[in-house]
Amino acid sequence: MSSIGFSTAAVIPASPRPSTRLRLTTRGRAVLLAVASVPLAIGIAFAALSGGSAIASGADAAAVSVETVTVMPGDTLWSIATGVAPDADPRDVIGEISRMNLLRGGELQIGQTLAIPAQYAN
């Protein structure tokens, strides 16, 4: 006859492994916050120290009078440039007027006031 036997050695129960979880204590949170805030504090300090010297009071600035031209019907930048500086190259004068008045594309409106660069003013 045959018999089937079970042994207790064949079934080994797995021992439960303690799961390790990262726990932050109050002191650990404070240390982590301090380490993370150091680069931010350095950046703020650098901005405060380097940006502070850029503040201008304007107390020593001399008053500059600016001549202006009012755009009339039919005026173009070319006609204004040749009228203001007849001996200069109109393209250079147009470039200076455009930069000084922040003109985009040379569009003018009737009644618009344009500042004239000092080297071309009479």
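**Figure 1. Surroundings of Leu114 in the predicted model.** In this predicted model, Leu114 is in contact, once its neighbours within four places in sequence are left aside, with Glu67, Thr68, Val69 and Val71, with Leu77 and Ile80, and with Ile97, Asn101, Leu103 and Leu108. Leu114 is also listed among the residues with the most contacts inside the largest nonpolar core, as are two of its partners, Leu77 and Ile80.

**Figure 2. The largest nonpolar core.** This core has 13 residues, and those with the most contacts inside it are Leu77, Ile80, Val93, Ile97, Leu114 and Tyr120. The elements that give two or more residues to the core are helix H2, spanning 77–84, helix H3, spanning 90–101, and strand S2, spanning 113–116. Of these contributions, the largest share is that of H2, from which four residues come.

**Figure 3. Packing of helix H2 against helix H3.** The axes of the two helices, H2 and H3, come within 9 Å and cross at roughly 105°, and H2 is therefore described as roughly perpendicular to H3. On the H2 side the contact is formed by Leu77, Trp78, Ile80, Ala81 and Thr82, which meet Pro90, Arg91, Val93, Ile94, Ile97 and Ser98 on the H3 side.

**Figure 4. Ser98 in helix H3.** Ser98 has its place in helix H3 and is one of the H3 residues that meet H2. Its relative accessible area is 18%, and Ser98 therefore counts as buried, the cut-off being under 20%. With neighbours within four places in sequence left aside, Ser98 is in contact with Leu77 and Leu103, and both of these residues are also in contact with Leu114.

**Figure 5. The salt bridge between Arg91 and Asp89.** A search of the whole structure finds two salt bridges, one of which joins Arg91 to Asp89, with 3.2 Å between the closest N and O atoms. Arg91, which is also among the H3 residues that meet H2, counts as exposed because its relative accessibility is 58%. Asp89, at 30% relative accessibility, counts as partly exposed.

**Figure 6. The salt bridge between Glu96 and Arg99.** Here the closest N and O atoms of the salt bridge formed by Glu96 with Arg99 are 3.1 Å apart. Because Glu96 and Arg99 are three residues apart in helix H3, about one helical turn separates them. Glu96 counts as partly exposed at 28% relative accessibility, whereas Arg99, with a relative accessible area of 56%, is exposed.

**Figure 7. Gln119 and its position relative to Glu96.** Gln119 is found in the segment after S2 and, at 53% relative accessibility, counts as exposed. Gln119 and Glu96 are 23 residues apart in sequence, and the distance between them in space, taken from C-alpha to C-alpha, is 10.0 Å. Glu96 is also the residue that forms a salt bridge with Arg99.

**Figure 8. The chain as the setting for the close-up views.** The protein chain has three helices and two strands, which follow the pattern α-β-α-α-β when read along the sequence. Of its 122 residues, 14% are buried. Among contacts in the chain between residues at least 6 apart in sequence, 57% join residues that are at least 24 apart.

Conventions. Residues are numbered from 1 along each chain as its sequence is written. This is a predicted model: local features need pLDDT of at least 70, side-chain atom pairs count only at pLDDT 80 or more; totals for chains, interfaces and linings use all residues. Side-chain values use heavy atoms; hydrogens and water are left out. A nonpolar core is a set of buried Ala, Val, Leu, Ile, Met, Phe, Trp, Tyr and Cys residues joined through side-chain atoms within 4.5 Å. Buried means under 20% relative accessible area, exposed over 50%, partly exposed in between (1.4 Å probe, protein chains only). Contact means heavy atoms within 4.5 Å. A salt bridge is a side-chain nitrogen of Lys or Arg within 4 Å of a carboxyl oxygen of Asp or Glu. Axes are lines fitted to C-alpha atoms, for helices over the stretch in contact, and angles run from 0 to 180 degrees between N-to-C directions. Angles under 35 degrees count as roughly parallel, over 145 as roughly antiparallel, 65 to 115 as roughly perpendicular and the rest as oblique.
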